[in-house]
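Please view the sequence and the structure together before reading on.

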Amino acid sequence: MDVRLQMAMVFHLDKCIGCHTCSVACKNVWTDRKGAEYMWWNNVETKPGTGYPTAWEDQQKYHGGWEQKNSQPDLRMGRRELRVLNIFHNPHLPKLDDYYEPWTYKYEDLFDSPEGADQPTARPISMITGNYVDIEAGPNWDDDLGGSPVYAANDPNLDSLTEEERAQVFEIDRLVFFYLPRICNHCINPACVAACPSGAIYKRGEDGIVLINQEKCRGWRMCVTACPYKKSYYNWSTGKSEKCILCFPRLETGQAPACFHSCVGRIRYLGGLLYDADRLLDTLHVPDDKLVESQREMILDPRDPQVREGALRNGIDARALEACERSPVYRYVKQWKMALPLHPEFRTLPMLFYVPPLLPVMAKSEDGLYDTANAELFSPIEKARLPMKYMASLFAGGNQELVRYALKKQYAVRMFKRLDTVGDVDAAAIKRGLEQLNMTGAEAEQIFRLTALPLFDERFVIPSSHREQALAMLNEDMWAEKGGAGFGFRAAPVRGA
Amino acid sequence: MHNNLLYIILPYTAFTVAVVFTIYRYRKDGFSYSSLSSQFLESKELFYGSVAWHFGVIGALTGHAIGFLFPKSVLWFNGVPVRLYILETTGLLFGLLALVGIVSLTVRRATSSRVRAVTSKMDVVVVMLLLIQVSLGVYIAVFYRWGSSWFVTSAVPYLRSLWLLQPDLKMIEPLPLIIKLHIVNFYLLLIVFPFSRLVHMLVVPLQYLWRPYQIVIWNWNRRRAQAHAPQPARQPAGVASSADEHAAEGRPVFTR
């Protein structure tokens, strides 16, 4: 057993209102620079929809992620030996136009235009060429267009549906959409790391954050193709690739990442997960629809004495273990089985999990009235507006049962609390429902608390990183670092000759 | 006199500048070593330009290097006419490939507004020098035939004499002007090398072919972490520690 600590995340989609505050926070902190204007390390998409970059989920087009070949996974980009020849021209690299051409407005014209018959306007100009552009795409171009035949109909996840089911999704009184905020998944089996010819991308041992060493990156752009989530971006100005760093300078000082901290819907949870790195290949050696359960198996219980011993042996200290015990992510993912990874079939073992949205579940209407008469507690779930198949294609590698369970659990909690506060539901039916899901009233209460009323410190349980100890361990002597340079220096501040 | 300047002083200067400043730049500003790819901004024309150029120029340079390193073998190989024809044709094809590539890259750089936005003055200098060099090379291959043989009996002895620090110009003095231009332009490219994007050829990622897929880097040495960690629980004696075996950084999660 090789116990590792991973900073893992849960996004509770039922609470996301699609306000893009997370995206703006990230943009302001990290990507408001030349060459990075088009990058959105955090973006929010509308589903059904094609997202950013357009149709990123379509691996027939982008060739990202892994394929299981016999007992070993290999990159979908092709054999390693042949891939090396692609450094002169990567045939599967997304282009700027797959994202959008970043633009600003020529505001000076509002002030500098000569007097005339017309009001001056600020025309859009490209932030790359400076030329006038017609804006034809943006990072959230299909925002709120869940029913649109132009955008939503091209969602790759709809391919799993029959013609009839597809037609139903776009029926006017079934029209529905939800939001999907995305950041780097900081995967256990990152495809970007595996594809980097320079070996510049790595996973940090202490917390599993995936980073690109800017000094070592040579701009071969293979990570951009390899990442199936398209969360590695090429900076066209510096000639280096960049990606989400999970705000590690904030994490190391005990603060939540900017996008987590600023989330107004409080949908985001952050905490440590322990996993067994030795089981990586076994975990992946299962069919697509078994991947979620397989990944859950890989995640270890921080209370298990054997796990604790393995963790201590690997340098994960007791205080970090204590944080893992309180991890909200562990609860949602492993204990309650409510949070699911996005597209597990890409086989990167993403460490960002989503609680699927319950949505407005009523679907059947007759004479303009929704049918609210439900014989069984969970029949609204079965009649959910978005077909279970669609949700399973997003979050479970096609395994509908897992999504159904996560949704039923949310619904059960909702009804359980309704019995408590309103009291207009059948208590016996709710009891039966809880039993059916193998959950107790106490667990329902816990889920309710962590979902609806979590405090800041309950949402973000950040293990101390103890960089100061690391320093002591590396140098034997803390005095060696005294008087050294902090951030921003490449060399010690020594007086020149 | 100007022969000494062009064929003795210039090459030594160029070589020194190239070596010294390449190392200096790598140490001082390793960040700037990048392919500086513009494929993200324009991909379609780059395919024809970049693929043709790189394969063409690598082939042509390899040919020159073989002549420089194994002149006698080349002469022996060319002893049979058919083999000479094959070698000459191959060389010419690589040259033409490189020419097609560099011309199409130049056109692309001049016409695409997005690519122009990432074009530096040094890029223009490099493209011009390369255009001249490859055009001269192809011209020589066509009009001064059997170069694979005369190259090893004229230019190679001269280059080797430079290498041995005993410059000897007698073999190249009688060469036609075009060939001399090809040689001098090469020295100019050497001078420009450390200050331009050409340095990316030094960071070709060949190590990728045999490295493990996953890379994990620890900020601290895990074995020392165990020994020094201020925590009560200690590993019981006799328990095999998987951490000990791979405490070093960069331990692969799985290999190919």
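This is a predicted model: local features need pLDDT of at least 70, side-chain atom pairs count only at pLDDT 80 or more; totals for chains, interfaces and linings use all residues.

Residues are numbered from 1 along each chain as its sequence is written, while chains are lettered from A and ligands numbered from 1 in the order in which they are written.

- Helices (H or I, at least four residues) and strands (E, at least two) are DSSP runs, numbered from the N terminus.
- Six of the eight residues of helix H15 of chain A (residues 328-335) are buried, so this helix is largely enclosed by the rest of the structure.
- A residue is buried if 20 or more other C-beta atoms, placed from the backbone, lie within 10 Å of its own.
- The buried residues of H15(A) include A:Tyr330, A:Arg331 and A:Tyr332.
- A:Lys337, which follows H15(A), has a positive phi near 55 degrees.

**Strands S10 and S11**

- Strand S10 (residues 232-235) of chain A pairs with S11(A) in the antiparallel sense over four bridges; pairing requires at least two DSSP bridges between two strands.
- A:Ser232 lies opposite A:Lys243 in S11(A).
- Four residues separate the two strands of this hairpin, and A:Gly239 in the turn has a positive phi of about 70 degrees.
- Both faces of S11(A) (residues 240-243) are covered, with A:Lys240 and A:Glu242 buried on one side and A:Ser241 and A:Lys243 buried on the other.

**Residue A:Leu75**

- A:Leu75 belongs to strand S4 (residues 72-75) of chain A.
- A:Leu75 counts as buried because it has 23 C-beta neighbours inside 10 Å.

Key: A residue is buried if 20 or more other C-beta atoms lie within 10 Å of its own, exposed if 12 or fewer, and partly exposed in between; C-beta atoms are placed from the backbone.
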